[in-house]
Amino acid sequence: MAQAIPMTLDELLEEFDELQDWEERCDLLIDLGFELPPFPEEFRTDEHLVRGCQSLVWLVTNLVHQDGVDRVEILADSDAMIVRGLIAVLLAVFSGRTPQEILSTDVEKLFDRMGLNQHLSSTRRNGLHGMVRRIREFASAHAA
Amino acid sequence: MNSHRPTRHDESVHCPAQANEYPDGICPLQRAAGCILQDEPNNPTVSLSPSQPGGPMNLSSSDPVNPHAIRQQFPVLCQQLPRGRPVFLDSAASAQKPEVVIRREREVQEQYYANAYRGRYQFGARIDEELERSRQVIARFLGADSPECIAFTAGTTLGLNQVAFGWGRSHVSEGDEVVVTPMEHHANFVPWQQLAHERRARLKLWPMTDDGQLDMTPEASPITERTRIVAVCAMSNVLGTVNPVREIAQRAHDVGAVIVVDAAQSVPHGPTDVRSDGIDFLVFSGHKLYGPTGVGVICCRPDRAEELQPIVFGGHMISRVTVESSEWADYPARMEAGTLPIVQAIALGTAVDWVTEIGVQRLAEHEHHLLADAMERLQQIPGMTIFGPSADSRGAILSFRIDGLHPEDLAAMLDRRNVFTRHGHHCAMVLHDRLGVSATTRVSFAAYNTSDDVGALVEAIDFARQKLRLI
């Protein structure tokens, strides 16, 4: 179930910090989008569609018991490449974390640091927050 | 009254109606608008002094406009952005404003602003006069019988709701039919759908051909003896399709139905003639016609005016109010409850003057030239699908998709090249369902667009295809 993540959070933040220009960051998102792991076709259903996105976004969350700890695994895909890049960011931030870790992550602060809140279009920002909400709801339901 | 009028900026008040005040008889605004023959820049024989506001130009419609000169009149387009000039290809969403309109709004607020139809002091009287002049200019522009056909409203959306419920509630009964088309903007779809629910009437769709035109064959016609209303756009906001409103009006009238025309997209891009076309109700917005936001127009055929009931109640629209009941003023006042968008309604008249002076037919020809050029060049791009009919059957709008390139990604990449387009379902979800796509990229042309803009679009698409690894 566990999937390769294009970049860890630390690597990602380091890359974003090095790029001052939003256009370069946008190019990085596209690169990350191309590196996103393949999405299992059986999950490409209405049930997994995230509302609030202009592009199609499918998101699946699972709880995996590993070394005596419950961790949240995330699978996601989109038909838009920049959104796939944003999914890669979310995977770096959230995938493989415990529900408690997810709930205590200040994701807005991370998005601000990456310039996502400032530069994404409002529809994309809404879509991104829709995905975050989905993940946090899942974490909330499984937090001990 | 005239002696009290401020004279400062007077040229912006009267131009272009009094262009003969200028030494060579040519208003600088008209000169810049390309009203002068391009190849004869100093042509002294051109007369630009129509005696009536909105009067016809003395130029033949075959003289091409000069879009570079027109562009100079749009301050927003004359800016330099960090990556160069803006290439504005989203006029179908909202057009930019020429300086004359911007100045007009400022002039009203600086020189004689007051509420309308209330104060009989000098400012109030001037405002009333300017509003009536604006009605007159708009009526002439639409080919309406008189300025009394024109009601100001907030925009196309409110106007269509006012017609749907102001006429529909008293004329549509259970089992009746309301006909719309699959290519309507939600503003001309949802009100009719909701009216049909409310009145237990049937909403019927006019069949569409594969290339996005209304199927006009008699056997495809959805109109029956039960049809009360046919609501149709004069030009599709997604496909650009220009619909045969005159023929549709005839067919509606044959069964005693009325035709309601959403002219939001058509009025800036081609001549409108409500009388010849037999249109009962026509609605459009100011902001797509180079005018301000917040103002729109309902144009009602005189013999339907009594039938159009108000759905918004308040000041100005009544003739008498008692504790028990109220009586309405005549149309158009009864549709104009509350304070009008005064400044905007006056400046809309200026925008219509501006368009009329250039000539809406000449603008249509200019835009058609750009459209045909763009369609030809875009069709060379691998994986390109342009939705809708050929250039000859449409106005200056084209919506497309490129295989492997999501419209949202494309829009972001085009923006990086200063090419401003629209993406999404363009408030026409029923149409997008028919097209089998959730979103498209839309390009639309207006008076100020040039062939360079088409070139910039093609170059920017190429850039997007490279960035998204399609090349």
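Where in chain B does Tyr117(B) lie? Tyr117(B) sits in the loop between α4 (99–111) and α5 (122–142) of chain B.

## Basis of the model

This is a predicted model, in which local features need pLDDT of at least 70, side-chain atom pairs count only at pLDDT 80 or more, and totals for chains, interfaces and linings use all residues. Residues are numbered from 1 along each chain as its sequence is written, chains are lettered from A and ligands numbered from 1 in the order in which they are written, and side-chain values use heavy atoms, with hydrogens and water left out.

## Chain B overall

Chain B has 14 helices and 15 strands. Helices (H or I, at least four residues) and strands (E, at least two) are DSSP runs, numbered from the N terminus. Of the 471 residues in chain B, 59% are buried. Buried means under 20% relative accessible area, exposed over 50%, and partly exposed in between (1.4 Å probe, protein chains only).

## Backbone exceptions

Most residues other than glycine have a negative phi, and most peptide bonds are trans. Tyr117(B) has a positive phi of about 55 degrees. At 24% relative accessibility, Tyr117(B) is partly exposed. Arg469(B) also has a positive phi, near 60 degrees. Arg469(B) follows α14 (451–467) of chain B and is partly exposed at 46% relative accessibility.

The peptide bond between Tyr331(B) and Pro332(B) is cis, with omega about 5 degrees. Pro332(B) lies in the loop between β10 (326–328) and α10 (342–358). Pro341(B) is found in the loop between β10 and α10 too. Beyond its neighbours within four places in sequence, Pro341(B) contacts Thr153(B), Gly294(B) and Val295(B); contact means heavy atoms within 4.5 Å.

## Helix α10 and its partners

α4(B) and α10(B) pack at about 150 degrees, with axes 9 Å apart. Axes are lines fitted to C-alpha atoms, for helices over the stretch in contact, and angles run from 0 to 180 degrees between N-to-C directions. Residues in this contact include Val100(B) and Val108(B) of α4(B), and Ile346(B) and Trp354(B) of α10(B).

A salt bridge is a side-chain nitrogen of Lys or Arg within 4 Å of a carboxyl oxygen of Asp or Glu. Asp353(B) is buried at 4% relative accessibility.

## The A–B interface

Chain A puts 15 residues in contact with twelve residues of chain B. The two chains bury about 1300 Å² between them, 45% of it on carbon and sulfur atoms. Buried area is the accessible area (1.4 Å probe) that two parts lose on being put together, summed over both. Glu23(A), Phe34(A) and Gln54(A) supply 41% of the area that chain A buries against chain B.

Seven salt bridges are counted between chain A and chain B. Glu23(A) pairs with Arg416(B) at 3.7 Å between the closest N and O atoms. Glu23(A) lies in α2 (residues 22–35) of chain A and Arg416(B) in α12 (residues 407–416) of chain B, so the pair joins two chains. Glu23(A) is buried at 16% relative accessibility, and Arg416(B) is buried at 8%.

Arg469(B), with its positive phi, pairs with Asp31(A) at 2.9 Å between the closest N and O atoms.
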